[in-house]
Amino acid sequence: MASSPTQKHFEATSRLQMKEQTIDEMYGVPENFLEIEVRNPLTHGFGRKMFTDYEIVCRCLTRFKCFTNDLRNNLTNIPAFKLKSSSVRRRYSDFEWFRDVLERESSRVNIPPLPGKVFTNRFADEVIEARREGLERFLQIVAGHPLLQTGSKVLSAFIQDPNFNRENYNY
C-alpha cells in the first residue's frame, strides 16, 4: 500500500528530535539585546548661541555575559553595532539630520517623529526632560529595527562614534 505525501512528510519529520522549551527559554532575557539610553542633558553657550546636547549610552548585551566597563572595546554580536558599550553626545539638530538621512536611506521603514521644536522656554528643565524622553524613544525604535540595523550606513556611527561628523556622509 502506497503512503500519501502527508504521511511521508510526517514520517520524515517524526525522526527529528523535538526539544521542549523551558519557561526561561520562552520568557527569559533574549540572547542579545540592545539598551539605548539618552541622559545627562547639558546646556552650553550664552544668549543666541545656547544649545543643549544629550549623552547617548548604548549597550549591546548578551544573556550570559555581564556588562562591565572593561568590555568597552570588545566587539558585539549585534552586527550593526561595533562596540558592546559606547557613550557619545549629540545635539537636537544632529537628531534632525539623522532622522532625515534614515528617511532617505529606507523607504520601507516608517521613521518615527522626533519630539517637536520648542521656541519658548526651550532651556527650562521640564522642556529639556520632555525632549530627552522623546529622543530616547526615537533612538530605541530606530536602533532596534532590523531593517535599519542591516541597511543604514549612519545608524551605528550616529549612536556609537564619538568622532561622528555629518560632513563624512554625502546626503
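Me: In which loop does Ala80 lie?
Reply: This is a predicted model, in which local features need pLDDT of at least 70, side-chain atom pairs count only at pLDDT 80 or more, and totals for chains, interfaces and linings use all residues. Residues are numbered from 1 along each chain as its sequence is written, and side-chain values use heavy atoms, with hydrogens and water left out. Helices (H or I, at least four residues) and strands (E, at least two) are DSSP runs, numbered from the N terminus. On that numbering, Ala80 lies in the loop between S2 and strand S3 (85-91).

Me: Is Ala80 buried or exposed?
Reply: Buried means under 20% relative accessible area, exposed over 50%, and partly exposed in between (1.4 Å probe, protein chains only). Ala80 has a relative accessible area of 11%, so Ala80 is buried.

Me: Which residues is Ala80 in contact with, leaving aside its neighbours within four places in sequence?
Reply: Ala80 and Thr150 are 70 residues apart in sequence, yet their C-alpha atoms are 6.3 Å apart in space. Contact means heavy atoms within 4.5 Å. With neighbours within four places left aside, the contacts of Ala80 are Gln149 and Ser156.

Me: In what order do the elements of the protein run from the N terminus on?
Reply: The protein has 6 helices and 3 strands. From the N terminus on, the order is α-α-β-β-β-α-α-α-α.

Me: Where in the protein is confidence highest?
Reply: The protein averages a pLDDT (the predictor's confidence in each residue, from 0 to 100) of 81, and 73% of the residues score at least 70. Over residues 64-75 the pLDDT is below 50, and this stretch has 18 contacts in the model beyond near neighbours in sequence. Among the elements, helix H1 (residues 5-14) has the lowest mean, 56, while the highest, 95, belongs to helix H3 (residues 92-105).

Me: Which residues of H4 are buried?
Reply: H4 has 20 residues and reaches 28 Å from its first C-alpha to its last, close to the 28 Å expected. An α-helix has 3.6 residues a turn, so residues three or four places apart point the same way. The buried residues of H4 are Ile128, Arg131, Arg132, Gly134, Leu135, Glu136, Phe138, Leu139, Val142 and Ala143.

Me: Which residues are the closest to the centre of the largest pocket?
Reply: On a 1 Å grid over the protein atoms alone, a pocket is an open set of points where a 1.4 Å probe fits, with protein on both sides within 12 Å along at least five of seven lines; lining residues have an atom within 4 Å of a point. About 270 Å³ of space lies in the largest pocket, a volume being the space filled by probe spheres set on the points, which are joined across faces, edges and corners. Strand S2 (51-62), H3 and helix H4 (125-144) each give two or more residues to the lining. Of the 15 lining residues, the closest to the centre are Phe51, Tyr92, Lys117, Arg122 and Arg131.

Me: What is the phi of Asn121?
Reply: Most residues other than glycine have a negative phi, and most peptide bonds are trans. Asn121 is placed in the loop between H3 and H4 and counts as exposed at 60% relative accessibility. Its phi is positive, near 55 degrees.

Me: What is the phi of Asn40?
Reply: Asn40 lies in strand S1 (residues 32-44). With a relative accessible area of 43%, Asn40 is partly exposed. Its phi is positive, near 50 degrees.

Me: What distance separates the C-alpha atoms of Gln160 and Val57?
Reply: Gln160 is found in helix H6 (residues 155-160) and counts as buried at 6% relative accessibility. Its contacts, neighbours within four places left aside, include Cys58, Phe81 and Val88. Gln160 and Val57 are 103 residues apart along the chain, and their C-alpha atoms are separated by 8.1 Å.

Methods. Expected span 1.5 Å × (residues − 1).
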